[in-house]
Amino acid sequence: MDLINEEIARGVDAHAPGLGPADLVFVFGSTLPDAVLPAAQVLETQLARTVVLTGGPNRRRPEHVESEEHARLLLARGITSDQMIIERESRTSVENVALARPLIEERLGPVRTVIAVVKWWQQRQLHVLAAGMPSVERIYAITWNPPARTDGRCYDRTTWALSSDRDRIEREHAYLKDLLHRGELPPLVADGHGWTPG
């Protein structure tokens with residue numbers, strides 16, 4: 001991978017070493033079922049006892065309510081409904097957090113630690129989580145590798161530049177860099193134990 005591609009990958013990569021007990025698992029909205037497996041694994045290991053599922057009707061498929069589909073998949077894996085907080089209206093990452101926050105605080109109060117389940121190149125969602133939930137002091141990230149939107153081929157941090165999602169990731173890098181530069185999102189530091197605001 002050349003230096004420019006490595007800079008882009010590093011700039012969007014949500015992975016940070018470290019995983020520990022957390023107040024909850026936060027799953028950002030997605031039409032894809034892939035986020036469910038890491039969330040279920042965390043709940044099964046009891047690193048967290050509550051999962052927050054977000055996402056309303058999908059823009060391209062309005063009959064598909066993202067959080068409800070993820071809830072259905074978790075129920076099939078033996079996760080109980082009382083372990084879930086389901087937000088059903090949001091359309092963006094910012095709304096995922098903003099609309100879930102009152103539901104979380106009603107049940108759990110202000111939370112300090114979160115395990116976020118995100119695509120490997122969605123570091124921006126971690127910054128959005130930190131901005132929208134200022135009580136959070138540490139974010140652990142579990143990442144997954146999505147299939148490319150146009151051809152369905154899977155890719156990861158090392159192969160993204162050859163994927164049909166290359167332009168998408170390049171745009172994501174520029175967008176996140178701009179948001180951070182303008183101070184619209186808080187900076188995060190990977191410190192060997194997840195991410196911390198700073």
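Helices (H or I, at least four residues) and strands (E, at least two) are DSSP runs here, numbered from the N terminus. Keep in mind that this is a predicted model: local features need pLDDT of at least 70 and side-chain atom pairs count only at pLDDT 80 or more, while totals for chains, interfaces and linings use all residues. Residues are numbered from 1 along each chain as its sequence is written, and side-chain values use heavy atoms, with hydrogens and water left out.

Let's start at H64. You'll find H64 in the loop between strand 2 (51-53) and helix 3 (66-76). Is H64 buried or exposed? H64 is buried, because its relative accessible area is 7%; buried means under 20%, exposed over 50%, and partly exposed in between (1.4 Å probe, protein chains only). Setting aside residues up to four places away in sequence, H64 touches S30, T31, G56, P57, N58 and E69, where contact means heavy atoms within 4.5 Å. As for E95, 31 residues apart from H64 along the chain, the C-alpha atoms of the two are separated by 17 Å.

A salt bridge is a side-chain nitrogen of Lys or Arg within 4 Å of a carboxyl oxygen of Asp or Glu. Why are the two about one helical turn apart? Because they sit three residues apart in helix 3. An α-helix has 3.6 residues a turn, so residues three or four places apart point the same way. Both partners count as partly exposed, R72 at 47% relative accessibility and E69 at 25%.

How many salt bridges does the structure hold? There are 17. Another one joins R157 and D13, with the closest N and O atoms 2.6 Å apart. This pair links distant parts of the chain, 144 residues apart: R157 is in the loop between strand 5 and helix 6, and D13 is in the loop between helix 1 (3-12) and strand 1 (24-27). R157 is partly exposed at 24% relative accessibility, whereas D13 is buried at 11%. The two also belong to a network of salt bridges that links E6, R10, D13 and R157. One more salt bridge pairs R168 with D165, the closest N and O atoms being 3.4 Å apart; D165 is buried, at 3% relative accessibility.

Now for helix 5 (residues 123-132). Eight of its 10 residues are buried, so helix 5 is largely enclosed by the rest of the structure. The buried ones are Q123, R124, Q125, L126, H127, V128, L129 and A130. R124 also turns up among the contacts of E172, which touches V12, W121, Q122 and R124 once neighbours within four places in sequence are left aside. E172 itself is in helix 6 and is buried, with a relative accessible area of 7%.

Let's finish on the surface. R59, R60, R149 and R171 gather there in a patch of positive charge. Patches are made of residues with over 30% relative accessible area and no salt bridge, with like charges joined within 9 Å and nonpolar side chains (Val, Leu, Ile, Met, Phe, Trp, Tyr) within 5 Å. R149, one of the patch members, is found in the loop between strand 5 (138-144) and helix 6 (166-181). R149 is exposed, with a relative accessible area of 51%.

Technical notes. Areas by Shrake-Rupley, 256 points an atom, 1.4 Å probe, with all protein chains shown as cover. Lys, Arg positive; Asp, Glu negative; His and termini not counted. Charge placed at Lys NZ, Arg CZ, Asp CG, Glu CD.
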